[in-house]
Amino acid sequence: MRLIREGDNYLRMGQWNEALVFFNNAVNADPGFADAFMKRAALNKRMGYETEAYADFNRALAINPYSTYIYDQRFKIELLAIEYFAPADERTLAENTSPIQMDHESDDLINTGAYNEALLVIDSLIALGYEREYEFEKKALIYFLQEDYARCEQFIDSALAISPASALPYDLRGLSQMRRGEINQALASFSLAIEKDPSFSLAFLNRAVAHLRNGDQDAALKDLRVSIELNQEIALSHYLQGTILSQKGEIRKSLDAYNAALDLDDTNTKALFNRSFTWKMMGDFTRAMEDAAIIVELNPESAEFWNLKGNMHTLYTDYYDAIDCYDRAIDLKPDYGEAYFNRGLAYLMSYAPIQGCDDLQESRRHGYARAEKAITHFCAP
């Protein structure tokens with residue numbers, strides 16, 4: 001149960017790979033515990049690992065056909081004796097279902113954004129006295145996700161009153177403080193989380209973000225390195241490391257960091273965008289174009305990505321393809337001064353000066369500073 005709770009904590013933070021590690025450990029710790037297989041099955045299903053999910057599901061049913069955590073909706077309908085959110089007192093809830101089952105249900109509700117329903121279940125669990133420190137942490141998380149930071153910290157205090165050695169409440173408090181712009185207080189909270197649990201990789205990652213908000217790139221890099229040493233499976237740590245290294249001019253190292261992020265999550269459009277731009281700076285336009293093509297497929301509604309792809313075509317002198325990309329960018333974002341500027345240059349390079357100068361004028365109208373100089377050079381009367 002301890003390993004499952006740790007996995008649930010990572011799951012609530014969106015760190016699926018880390019959650020899977022703890023669910024694996026839970027299965028190894030007790031191969032006869034059906035709930036562990038069910039938790040892993042649900043996560044494997046969510047991650048697209050259908051074969052593994054099906055195997056875990058059948059294994060759980062073989063151990064306990066009435067396992068307390070059935071993710072398949074048909075089994076939920078057949079097995080659950082209550083409707084969680086119908087009016088019922090805590091005694092009725094306790095008689096009809098187990099607290100463990102309710103706890104898992106609240107996790108599912110949080111993960112799907114059904115926060116008010118989750119709070120009803122959690123309040124029932126607190127009234128029953130079930131793992132109250134963890135349930136208070138969940139309440140704090142829900143209020144954080146709802147941007148109610150005052151109530152978030154109220155329940156962080158409740159969790160710490162029961163379990164002052166727990167690291168997660170301090171980490172969550174740091175996130176709340178950072179959202180409110182209290183960066184120095186957030187740094188102190190993240191440091192307390194790390195003091196309570198020096199192996200808490202997410203706390204190092206979050207403190208790195210706080211250092212970045214304070215403009216301290218060196219401290220941020222130091223924390224990111226520790227976070228990656230503790231857990232190499234968090235794509236965001238590698239991505240942030242890449243952005244800082246790029247800003248410091250360490251282009252090759254930044255490329256390695258983006259590669260590591262994309263090895264973990266090849267749909268990370270921000271990492272693809274930055275890697276494409278890095279390839280461009282290194283003069284490898286072929287790879288830059290490959291990344292640009294991937295990101296517009298992953299997110300065809302991003303004006304910035306179409307603008308980047310247009311830039312790649314311009315570098316290859318494919319001006320008509322570039323203009324098509326800039327058209328898409330401007331359709332998506334009509335006040336996109338940079339896209340007007342780039343399309344203007346593409347028109348000029350394809351010997352269409354009237355359209356080019358019109359776009360440069362439009363770029364200037366939308367406040368893009370470089371347009372003024374270009375107009376002076378290319379569009380003088």
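By class, how many residues in the lining of the largest pocket are nonpolar, polar and charged?

Modeller: The lining of the largest pocket has 15 nonpolar, 4 polar and 5 charged residues; nonpolar covers Ala, Val, Leu, Ile, Met, Phe, Trp, Tyr, Cys and Pro, charged covers Asp, Glu, Lys and Arg, and polar the others, including Gly. The model is predicted, so local features need pLDDT of at least 70 and side-chain atom pairs count only at pLDDT 80 or more, whereas totals for chains, interfaces and linings use all residues. Numbering runs from 1 along each chain as its sequence is written, and side-chain values use heavy atoms, without hydrogens or water.

The volume of the largest pocket is about 620 Å³. A pocket is an open set of points on a 1 Å grid over the protein atoms alone, with protein on both sides within 12 Å along at least five of seven lines; lining residues have an atom within 4 Å of a point. Volume is the space filled by probe spheres set on the points, which are joined across faces, edges and corners. Of the 24 lining residues, Met13, Gly14, Gln15, Ile234 and Leu236 lie nearest the centre of the largest pocket. At least two lining residues come from each of α2 (16–29), α11 (168–179), α13 (201–213) and α15, and α13 gives the largest share, 5 residues. Helices are DSSP runs (H or I, at least four residues) numbered from the N terminus.

The second largest pocket has a volume of about 450 Å³. Its lining has 24 residues, with Glu6, Tyr10, Phe22, Asp197 and Phe200 nearest the centre. Two or more residues of that lining are given by each of α1 (2–12), α2, α9 (132–145) and α13. The largest share, 4 residues, comes from α2. By class, the second largest pocket is lined by 11 nonpolar, 7 polar and 6 charged residues.

The buried residues of α16 pack against α15 (235–247) and α17 (269–281), where contact means heavy atoms within 4.5 Å. In α16, the buried residues are Ser254, Leu255, Ala257, Tyr258, Ala261 and Leu262. They lie on the same side of α16 because they cover an arc of only 160° around its axis, taken from the directions from the axis to the C-beta atoms. The face turned away from the buried side of α16 carries the exposed residues Lys253 and Asp263. Buried means under 20% relative accessible area and exposed over 50%, with partly exposed in between (1.4 Å probe, protein chains only).

Terms used: On a 1 Å grid over the protein atoms alone, a cavity is a set of points where a 1.4 Å probe fits but cannot get out, and a pocket is an open set with protein on both sides within 12 Å along at least five of seven lines; lining residues have an atom within 4 Å of a point.
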